[in-house]
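Here are a few notes to read alongside the model, written as one colleague to another. Please keep the structure open as you go through them.

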Amino acid sequence: MKEQRVMSLLGLAQKAGKIVSGELAVEKAVRSGKAKLIVVAADGSDNTKKAYQNMAAYYKLPFYEILSKDALGQCIGKHNRAALAVIDEGFSRSLDSILNGK
């Protein structure tokens, strides 16, 4: 149930143009201050997870390991994605509240 809500919200955010995906795009969004939340695939490599987790900690961003690469890519209408960043405050808050069970 929670996964379905997350996937729907990510799809909606993608349609609104409020998601960046791909290693370089996510990194650029985080460094420029546009990213509000980072999502990494649960089945991503340990190095990828650690790199994004460190980045999220440094820039004080919410960080979540959810879904698979396939599911992340599928919900935003793209091929496998190991990471994505939400660049909208509203979508970020909604995703945060779903994932924290609020």
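**Notes on the predicted model**

1. H3 provides the largest share of the lining, with four residues.

2. Next, a pair of helices. Helix H1 (residues 2–15) packs with helix H5 (residues 89–99) at an angle of about 175°, and their axes are 10 Å apart. An angle over 145 degrees counts as roughly antiparallel, so that is how H1 and H5 run relative to each other.

3. What meets what between these two helices? On the H1 side, the residues in contact are Lys2, Arg5, Val6, Leu9, Leu10, Leu12 and Ala13, and on the H5 side they are Phe91, Ser94, Leu95, Ile98 and Leu99. The residues of this contact divide into nine nonpolar, one polar and two charged.

4. Two backbone angles deserve a look while you have the model open. Most residues other than glycine have a negative phi. Lys60, however, has a positive phi near 55°, and Leu67, which is not a glycine either, has a positive phi of about 55°.

5. Where do these two residues sit? Lys60 is in the loop between H3 and strand S3 (63–66), while Leu67 is in the loop between S3 and helix H4 (69–75).

6. Are Lys60 and Leu67 buried or exposed? Lys60 has a relative accessible area of 73%; the cut-off for exposed is over 50%, so Lys60 is exposed. Leu67 has a relative accessibility of 11%; buried means under 20%, so Leu67 counts as buried.

7. Finally, have a look at Ala71, which lies in helix H4. Its relative accessible area is 13%, and Ala71 is therefore buried. Along the chain, Ala71 and Met7 are 64 residues apart, yet their C-alpha atoms are separated by 7.9 Å.

Key:
Residues numbered from 1 in each chain as written. Predicted model: local features only at pLDDT ≥ 70, side-chain atom pairs only at ≥ 80, totals over all residues. Heavy atoms only, no water. Buried < 20%, exposed > 50% of the residue type's maximum accessible area, 1.4 Å probe, protein only. Axes fitted to C-alpha atoms, helices over the stretch in contact; angles between N-to-C directions. Parallel < 35°, antiparallel > 145°, perpendicular 65-115°, else oblique. Contact = heavy atoms within 4.5 Å. Nonpolar A, V, L, I, M, F, W, Y, C, P; charged D, E, K, R; others polar.
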